[in-house]
Amino acid sequence: MSTGKAEKNIALPTTWDVRPLGEVVQPTRPRIKPSEKPNLPFIGMENVEAHTMKLLGTVPAGNMKSSAVHFQPDDVLYGRLRPYLNKVYRPDFEGLCSAEFIVFPKTEDISSRYLQYFLNSSSFASYASHLNTGDRPRVDFEQLSPYPFPVAPYEQQQRIVAEIEKQFSRLDEAVANLKRVKANLKRYKAAVLKAAVEGCLVPTEAELTRQARHLYETAAQLLKVNEQRSTPQPTKRRAGRLWGAGHVPQLTPDELSRLPEGWTWAKVRQVGLDPEDAVQVGPMSMKSDDFIEAGVPVLNVGCVQWGRFNETKLNFLPEKIAEDFSRYRIQPGDVLFTRSGTVGRCAVAKPHQRNWLMTFHLLRARPNPNCCLPEYLRAVFEGAAHIRRQTREASIGTTRAGFNTNLLASLDVPLPPMAEQKRIMNEVERRLSVIDEVEAAVEANLTRADRLRQSILQKAFSGELAGENLELHKSVSVG
C-alpha cells in the first residue's frame with residue numbers, strides 16, 4: 001500500500017498482519033463541553049512535550065470554554081496540529097483534552113502502549129508531517145487512516161512494549177546524565193564569566209606590579225586617556241544619537257565597593273571612541289518584505305545567541321536597498337545586543353561579518369579596543385550580576401518597546417587595566433574552549449540517543465523486538 005512518502009519494503013514475521021490504521025483503530029470518543037465535567041483534568045497541546053510522550057501538566061477542565069474530547073484511561077492522544085512536533089500521550093486517568101488531539105480508545109486487540117509507540121515513530125511522524133503545509137498544518141484521521149499498521153499478535157505486542165520500555169529506560173537514564181552534565185557546564189561557564197568581571201579569575205595588575213615594584217596604568221587613567229582622544233563627529237552624532245526613555249538603576253553601595261584595586265566604573269558610552277556613537281540601534285525603516293534569499297546579510301534577534309551567532313537564521317537584502325542603510329553597517333569588534341525577546345543576549349562581530357546589517361531588534365555597542373576589549377565587554381554583559389539586574393529593571397521601566405540605546409549606553413562596566421583585560425580574556429577563552437569541547441560531545445551523544453530511540457521503534461515494528469526468533473518472509477511496503 002502506498003503511503004506517498006519515503007516508502008520502503010520490510011520483512012515481517014509470518015504471524016503478523018498489516019492493515020490500514022483506519023481498520024484497526026477509530027477515534028470514537030465524544031466531544032463535550034468542559035462545563036459538564038469541570039473537575040476533570042484538561043490536557044492542551046501545550047501540556048504534551050514534543051517527541052517525548054511526556055505530560056508537562058494539566059489544568060482544571062472548568063477553566064476551559066471550547067469543546068473538548070472526553071478520554072478514558074489507556075486511550076492514546078495524538079496531536080493533529082503541527083504533526084512534526086510528534087505529540088503523543090497515553091493517560092492513565094480520565095479527563096478532557098483539546099480537540100486538536102485525535103483520541104484513540106483502548107481496544108481489545110491492540111495494546112495502547114503498542115499503538116502509542118507506533119504513532120511516535122519517526123516513520124509515522126514523517127508521513128503525517130508531509131500531508132499538509134502552512135504555518136499551522138493539521139491532519140485529519142481520514143488522511144492518516146490509509147497508513148499501513150503492523151498488527152502483531154497481542155502477546156507479542158506486550159513483549160515488544162516491554163522490550164521497548166526496557167531499552168528506553170536505559171536511554172532515559174543516559175540522557176538524564178547528559179543533561180545534568182550540560183546544566184553543570186552552563187553553571188560553570190556562568191561562574192567563569194562572573195569571576196572574570198569581578199577580578200577573581202587572574203591576579204590583578206595591582207598585585208603583579210606590587211610584586212615587581214613598578215607602576216602601571218590604572219583603569220581610571222586608561223578611561224581618562226580615552227575620553228581625551230575621543231573625536232566625536234557631528235554627522236556621526238546625528239546618526240547614532242542616543243534615544244529612548246527610561247533609566248538604568250544605580251549601582252548599590254555593595255556593588256560599588258566590590259571593584260578591585262586599579263579598576264574603575266565606566267558607562268558603556270565612555271568606552272567608545274565617540275560617546276555619541278558608542279551605541280546604535282538597527283533601522284526602523286527596514287522592511288521584512290524586502291528580504292530575499294541571497295544578498296547583503298542582515299542579523300536579526302534570532303541570530304544572536306549567548307556569545308555566538310546562529311547564521312542559519314540570517315535575512316538578506318538586495319544590495320541596492322542595503323545602500324540606504326550604510327550607516328548601520330556592522331564592523332568587526334562590534335558587540336551585538338538583543339533589545340527584545342530575551343533582552344541581553346550578545347556576541348562580538350567577526351571579520352567575515354564586516355559591513356553586514358542588523359534589524360531594529362538589535363543594538364550594537366562599539367567600544368574602543370584600546371580602552372575596552374570587545375570580548376571583555378561581552379563578558380560583562382553576560383557575566384556581571386549587576387548588568388542582569390540593571391537590564392531587567394530598566395526593561396520593566398522603559399516606555400518604549402524593548403531595550404534602547406540610552407539604556408545600553410548607561411550600563412555600568414567594571415573596567416580593569418588593559419593588560420589585565422588581556423590576561424582575563426586569555427584565561428576565559430582557555431576555559432570556555434574546554435567547555436565548548438565537552439558541550440559538543442554532550443550534544444553529539446544526545447543526538448545519538450534520539451537516533452537510538454527511533455532505531456528501537458523501527459526494529460520494534462519490523463518484528464525484531466518480538467522477544468523470539470521468528471521466520472521473516474512476508475514483505476510489506478511501509479512509509
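Modeller: Let us begin with a group. In this predicted model, one aromatic cluster is formed by Tyr78, Tyr114, Phe118, Phe124, Tyr127, Tyr147, Phe149 and Phe461.

Biologist: How many aromatic pairs does the structure hold?

Modeller: The structure holds 14 aromatic pairs. The rings of Tyr78 and Phe124 have centres 5.7 Å apart and planes at 75°, so this pair is edge-to-face. Tyr78 lies in strand S7 (residues 76-79) and Phe124 in helix H3 (residues 122-129), so the pair links distant parts of the chain, 46 residues apart.

Biologist: How is a pair of aromatic rings described?

Modeller: A pair of aromatic rings is described by two values, the distance of the centres and the angle of the planes. An angle over 60 degrees counts as edge-to-face.

Biologist: Are Tyr78 and Phe124 buried or exposed?

Modeller: Tyr78 has a relative accessible area of 1% and is buried, because buried means under 20%. Phe124 is buried as well, with a value of 0%.

Biologist: Which angle lies between the planes of Phe118 and Phe461?

Modeller: The planes of Phe118 and Phe461 are at 80°, with 5.3 Å from centre to centre, and the pair is edge-to-face. Phe118 belongs to helix H2 (residues 112-120), while Phe461 is in the loop between helix H14 (418-460) and strand S21 (472-478); this pair links distant parts of the chain, 343 residues apart. Both Phe118 and Phe461 are buried.

Biologist: Where does the charged end of Arg339 sit?

Modeller: The charged end of Arg339 sits over the ring of Phe360, 4.5 Å from the ring's centre. Arg453 lies over the face of Phe168, 4.6 Å from the ring centre.

Notes. Residues numbered from 1 in each chain as written. Predicted model: local features only at pLDDT ≥ 70, side-chain atom pairs only at ≥ 80, totals over all residues. Heavy atoms only, no water. Phe/Tyr/Trp six-rings, centres within 6.5 Å; stacked < 30°, edge-to-face > 60°. Helix = DSSP H or I, 4+ residues; strand = E, 2+ residues; numbered from the N terminus. Buried < 20%, exposed > 50% of the residue type's maximum accessible area, 1.4 Å probe, protein only. Lys NZ or Arg CZ within 6 Å of the ring centre and 35° of its normal.
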